[in-house]
Amino acid sequence: MRARTPFIAAAACAFALIPATTALAGTGPAPAPTKKAATQSTAASEAGNPRTAKAAAAGVCSDAYQIGTTVYINRGGAHAASVKQFYSPRCDRNYGYLWVWQSFRDKTKDYDVSVGVYSYSRDQVVGQDWWNATNGQEFWSLPAATVKECTAAIGTLRAPGDPVPGQAVTSKRC
């Protein structure tokens with residue numbers, strides 16, 4: 001009986017380290033609404049916050065949440081920007097989101113940025129917006145009426161002197 005006790009304890013510890021399920025960002029059902037929605041942060045972040053002033057200026061609905069993968073625009077072997085796609089059930093719209101990493105901003109001034117939602121059925125970028133010679137960090141596309149279509153967010157970032165921008169496209173969502 002004594003020999004079994006350490007074995008059972010070791011097995012219990014091992015199983016505690018194994019996650020029961022795996023989830024990817026933007027997959028599965030929408031996040032449950034919270035009662036504290038009015039008090040949620042309005043700070044910009046790499047994760048994408050639809051409650052920021054820039055999101056509101058672009059027409060992003062505050063209930064938007066990420067769908068699909070996060071992808072990166074790399075420059076010189078390091079992440080320069082993140083690109084994500086968001087969906088709002090209340091407004092029935094998709095949005096592209098691009099976040100320029102601080103490490104890139106510290107080295108590069110006056111870069112060009114664009115972000116939008118690519119529609120596979122239309123073969124075009126919808127809701128695209130762009131900024132030239134900017135030092136900003138948070139960028140939202142305009143609302144895209146693409147909810148019934150297969151889509152992906154697309155973002156570009158061009159540093160001064162680069163002949164073409166770096167680009168990233170999120171996973172296809174249908």
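Ground rules. The model is predicted: local features need pLDDT of at least 70, side-chain atom pairs count only at pLDDT 80 or more, and totals for chains, interfaces and linings use all residues. Residues are numbered from 1 along each chain as its sequence is written, and side-chain values use heavy atoms, with hydrogens and water left out.

The fold, then. The chain has three helices and eight strands. Both are DSSP runs numbered from the N terminus: helices are H or I with at least four residues, strands are E with at least two. From the N terminus, the order is α-α-β-β-β-α-β-β-β-β-β. Take contacts, meaning heavy atoms within 4.5 Å. Of those with a separation of 6 or more, 56% join residues 24 or more positions apart.

Next, burial. Buried means under 20% relative accessible area, exposed over 50%, partly exposed in between, with a 1.4 Å probe and protein chains only. Of the 174 residues, 37% are buried.

Now the cores. A nonpolar core is a set of buried Ala, Val, Leu, Ile, Met, Phe, Trp, Tyr and Cys residues joined through side-chain atoms within 4.5 Å. The largest one has 16 residues. Which members touch the most others? Ile73, Val83, Leu98, Val100, Phe104, Val113 and Leu157. Strands E1 (65-75), E2 (78-88), E3 (93-100), E4 (111-119) and E7 (151-158) each give this core at least two residues. Look at Val100. Beyond its neighbours within four places in sequence, Val100 contacts residues including Ala80, Tyr111, Val113, Phe139 and Leu157. There is also a second, separate core of ten residues; Ala55, Val60, Ala64 and Tyr97 are among them.

Last, charges. A salt bridge here is a side-chain nitrogen of Lys or Arg within 4 Å of a carboxyl oxygen of Asp or Glu. The count is four. Here are some of them.

Arg75 pairs with Asp162, closest N and O atoms 2.9 Å apart. Arg75 sits in strand E1, Asp162 in the loop between E7 and E8 (166-169), 87 residues away. Arg75 is partly exposed at 37%. Asp162 is partly exposed too, at 21%.

Asp112 and Arg158 also form a salt bridge, 2.9 Å from N to O. This one links strand E4 to strand E7, across 46 residues. Is Asp112 buried or exposed? Buried, at 17%. Arg158 is partly exposed, at 24%.

Arg122 meets Glu149 at 2.8 Å, N to O. Both are in loops, 27 residues apart. Glu149 is buried at 16%, while Arg122 is partly exposed at 36%.
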